[in-house]
Amino acid sequence: VLEAPADESIEVSEEVCLEPGTNNAEIIIGANCVPFRDRLGRNLGTITVLHDITTLKRMDQLKSEFVAMVAHEIRSPMNSVLTQLKVVLAGETTLKQRDILGRAAEKIAALSKLASELLDLAKIESGLITQEREEIQIAQLLEEQVAFHQAPAQAKSIQLSLAHLPTLPTVMANRLNLEEVFSNLIGNAIKYTPESGKIAIDAAVEGDYVCVRVTDTGVGIAEEEFDRIFDRFYRIKNPKTRFVIGTGLGLSIVKSIVDAHQGLLRVESKPDQGTTFAVFLPCT
């Protein structure tokens with residue numbers, strides 16, 4: 001903060017873990033620091049506000065542990081029910097029975113996916129994804145994701161393309177979680193893009209980051225919703241998307257993973273004009 005130029009407005013926020021106190025409990029402090037300047041813009045010092053957020057962090061941890069436990073306990077029974085429904089559907093049934101059982105299977109599958117995404121979110125919040133990292137070739141990973149999503153894109157006559165990429169530096173990341181990031185973004189683009197639309201993916205080096213952009217010609221997002229689309233369970237309120245099935249956790253998971261990799265996530269969109277999600281990952 002003291003080294004910031006006089007014409008720059010800056011605020012630094014950090015969480016600081018202190019050594020265990022007398023009760024052997026870790027203390028977590030939230031620190032906000034801003035420069036204190038005179039009329040000529042000279043730095044005279046800093047103003048730092050400290051908050052004891054230990055209880056809040058512990059409550060968040062307990063909440064995540066509870067959600068993970070519930071999700072884990074309900075996922076197995078739901079998968080079992082879904083398997084049995086598929087067995088029944090494979091047998092002799094009337095048209096009405098197939099319709100009822102088919103809708104039931106769709107609902108069970110959606111609940112099972114919700115449980116899986118809640119477990120993923122709990123793992124992210126616990127910091128588990130930061131433990132296993134390797135050097136990732138972004139171009140290869142994107143080629144694999146585009147190939148994997150071609151079938152659902154073609155089912156809606158959507159043109160899904162990957163631009164010719166320049167030579168990109170590697171990024172240090174967890175491969176499975178990066179795959180989840182781009183799978184979620186491309187999957188969302190397919191779900192929210194009308195038939196015969198287009199989805200374009202490109203990547204380039206921007207400063208110290210590798211930037212990957214996923215651009216679609218879908219229904220778009222209003223600017224006032226930009227701050228909320230990364231909240232858990234939030235769904236865009238748009239008549240055109242009311243039939244799109246989803247949990248509202250995909251973008252929350254994407255942001256959590258990108259944040260855990262010290263990256264940045266940006267969105268540009270206008271209603272009925274499509275959306276661009278930009279993922280910035282630090283170069284190695």
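Leaving aside its neighbours within four places in sequence, which residues is T170 in contact with? The legends below start there.

This is a predicted model, in which local features need pLDDT of at least 70 and side-chain atom pairs count only at pLDDT 80 or more, while totals for chains, interfaces and linings use all residues. Residues are numbered from 1 along each chain as its sequence is written, and side-chain values use heavy atoms, with hydrogens and water left out.

**View 1. T170 and its contacts.** T170 sits in the loop between β5 (159-162) and β6 (171-173). Strands (E, at least two residues) and helices (H or I, at least four) are DSSP runs, numbered from the N terminus. Beyond its neighbours within four places in sequence, T170 is in contact with E135, I136, Q137, C283 and T284. Contact means heavy atoms within 4.5 Å. T170 has 12% relative accessibility, so T170 counts as buried. Buried means under 20% relative accessible area, exposed means over 50%, and partly exposed lies in between (1.4 Å probe, protein chains only).

**View 2. Helices α3 and α4 cross.** Two packed helices are described by the angle between their axes and the distance between the axes. Here α3 covers residues 138-155 and α4 covers residues 175-191. Their axes come within 10 Å and cross at roughly 40 degrees. Axes are lines fitted to C-alpha atoms, for helices over the stretch in contact, and angles run from 0 to 180 degrees between N-to-C directions. The two helices are therefore oblique to each other. Angles under 35 degrees count as roughly parallel, over 145 as roughly antiparallel, 65 to 115 as roughly perpendicular, and the rest as oblique.

**View 3. Residues between α3 and α4.** From α3, the residues that meet α4 include I138, L141, L142 and H149. Among their partners in α4 are L178, F182, I186 and I190. By class, this contact has nine nonpolar, four polar and three charged residues. Ala, Val, Leu, Ile, Met, Phe, Trp, Tyr, Cys and Pro count as nonpolar; Asp, Glu, Lys and Arg count as charged; the others, Gly among them, count as polar.

**View 4. The largest nonpolar core.** This core has 51 residues. A nonpolar core is a set of buried Ala, Val, Leu, Ile, Met, Phe, Trp, Tyr and Cys residues joined through side-chain atoms within 4.5 Å. I138 and L185 have the most contacts inside the core. Helix α4 gives the largest share, seven residues. Leaving aside neighbours within four places in sequence, L185 is in contact with V214, L251, V254, F277 and V279.

**View 5. Helix α5 and the residue Q262.** Eight of the eleven residues of α5 are buried, so α5 is largely enclosed by the rest of the structure. The buried ones include L251, I253, V254 and I257. Q262 follows α5 and lies in the loop between α5 and β9 (264-269). Q262 is exposed, with a relative accessible area of 53%. Its phi is positive, about 55 degrees, although Q262 is not a glycine. Most residues other than glycine have a negative phi.

**View 6. D272, another positive phi.** D272 lies in the loop between β9 and β10 (275-282). Its phi is near 65 degrees, a positive value in a residue other than glycine. D272 counts as exposed, at 51% relative accessibility.
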